[in-house]
Amino acid sequence: MSGIKNRKKINKYLLKKLQEIQFDLTNHCNVNCPMCYMSYHRFKEQGFFQFDLFKKIIDEVVDEKYFATMIKLYWIGEPLLHPEFNMFVDYIFKKKLLHDFFKHTMVSTNGFALDRTLAQNILNTVKTGVDNGLPEDTFLVVLFSVDAITPETYRLVKPGAELNNIMENIKTFLSIRESLGLNYPVITLQFVIQEHNHSEVGAFVDYWKRFFRKIGKPLEVHYSWWHNNEHDHIAIMPCTAHSDFSKQNQLYKLYLDAIAPYTEAENHDPFGDYSNRFRDCWDLDLDKQEKDGCEYDSDDNRQPCSSVFKAPNIKHNGEIALCCRQALSEENNVGNLNKNTLTEIWTGEKMHNVRLEQINGIFNYGCDECITQEQWGFMTDSEIIEFLRLNGEENLINKFVDRKQF
């Protein structure tokens, strides 16, 4: 692969238009969800993101005038277990008051650790930011992974936690938000369909609809990956944690069967913008299990993934993973922020070569098995051509265009 010929222009191209920066505040978790990667992986070491390192990274983003649409304060572990969680939120809010370096932040949690004190602290930080001029939706979403509506099912899908605790924590969070006069962060009530809970979809939706009517708030229901974050909402989701395509097929058919009565009644396309390739990720004909039978995995005209261009994923120990699907990999890291800057790693030779490989139709490091690329987005032809032109690699433009016309 050719090297980076015009580093200054490439730096500007890659870091001025980040889709997101994702921070895994910890790889500890307090439950053992069977649908989660954490349930079948044991890390060599566990720990918490050092706040000083976080400040260093954010300061670099600010000083270099980079911009991220989203800063995600979660990844593989339970972020609210971090004893300094609110310090991370407070720091980016205070920085944003002085420098507009990101648009939104969000967190995903099982909610078990979100007691009244932590909820009050988080929402007080949001309130202070809004009162001082930050957009109301700066802290956009708190996603609660719930996945059940009965205590019995909850114990199966969330071993180690109790449903009553999470329900009370959600309601307390909403109550404090209301008392502070805030509309954000909105909450997502996530329900990932699995073998143990698929029969509870209707009861889950009905319960939360009744609750939100009681408190006089709107509640939307979505049966796809894509959510409108203007209002609190339920998200009924397929499980995508299994790399076993046979198992994934079975889970996806279970998802389609479970949501069919509701999506038909509402005339709603469960695939949304995810339709064609998402539908092809699972053959849905269980007699055809081979990965090569999935149109999605054909590299002939597959677009490069936006994740390797626009979304640094930073582990709790400062390592940057190749992408969000590499959370469990001990190998596919591209650098460590304890040793190098974000700029040096994200615009370095290793990432550059990965990008060029994908532009040339080569998808390594597990990318050939990824079934959620559309969730993160594809690079457009014009973006790829601009990237190559800025780096003085016009000779690769025709090759890229010819591959796309294969």
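Among contacts in the protein (heavy atoms within 4.5 Å) between residues at least 6 apart in sequence, 75% join residues at least 24 apart. The model is predicted: local features need pLDDT of at least 70, side-chain atom pairs count only at pLDDT 80 or more, and totals for chains, interfaces and linings use all residues. Residues are numbered from 1 along each chain as its sequence is written, and side-chain values use heavy atoms, with hydrogens and water left out.

The protein contains 15 helices and 10 strands; these are DSSP runs numbered from the N terminus, helices being H or I of at least four residues and strands E of at least two. Of its 406 residues, 56% count as buried, where buried means under 20% relative accessible area, exposed over 50%, and partly exposed in between (1.4 Å probe, protein chains only).

An open sheet of 10 strands has mixed pairing and the order β6-β7-β5-β4-β3-β2-β1-β8-β9-β10. Two strands pair if DSSP finds at least two bridges between them. Strands β6 (220-222) and β10 (333-336) are at the edges with a single partner strand each, so one side of each has no neighbour in the sheet. Strands β5 (residues 186-193) and β7 (residues 233-238) run parallel and are joined by 6 bridges. Within this pairing, Val192 stands opposite Met237 in β7. Helix α6 (residues 163-179) packs on the sheet and touches β4 (139-145) and β5, its direction making about 160° with that of β5. Such axes are lines fitted to C-alpha atoms, for helices over the stretch in contact, and angles run from 0 to 180 degrees between N-to-C directions.

Thr188 is located in strand β5 and is buried, with a relative accessible area of 1%. Leaving aside neighbours within four places in sequence, Thr188 is in contact with Val141, Val142, Leu143, Phe144, His233 and Ala235. The side chains of Thr188 and His233 are joined by a polar contact of 2.7 Å. A polar contact is a pair of N or O atoms within 3.5 Å; within protein, one must be able to donate a hydrogen and the other to accept it, and residues adjacent in sequence count only if both atoms are side-chain atoms.

Rings of Phe, Tyr and Trp (its six-membered ring) pair if their centres lie within 6.5 Å; planes under 30 degrees apart count as stacked, over 60 as edge-to-face and the rest as tilted. The count by this rule is 18 aromatic pairs. The rings of Phe51 and Tyr91 have centres 5.9 Å apart and planes at 85°, so this pair is edge-to-face. Phe51 lies in helix α2 (residues 51-63) and Tyr91 in helix α3 (residues 85-98), 40 residues apart, so that distant parts of the chain are linked. Phe51 is buried at 12% relative accessible area. Ring pairs link Phe23, Phe49, Phe51, Phe54, Phe88 and Tyr91 into a cluster.

Most residues other than glycine have a negative phi, and most peptide bonds are trans. The peptide bond from Tyr184 to Pro185 is cis, with omega near 0°. Asp147, in the loop between β4 and α5 (151-157), has a positive phi near 70° and is buried, with a relative accessible area of 0%.
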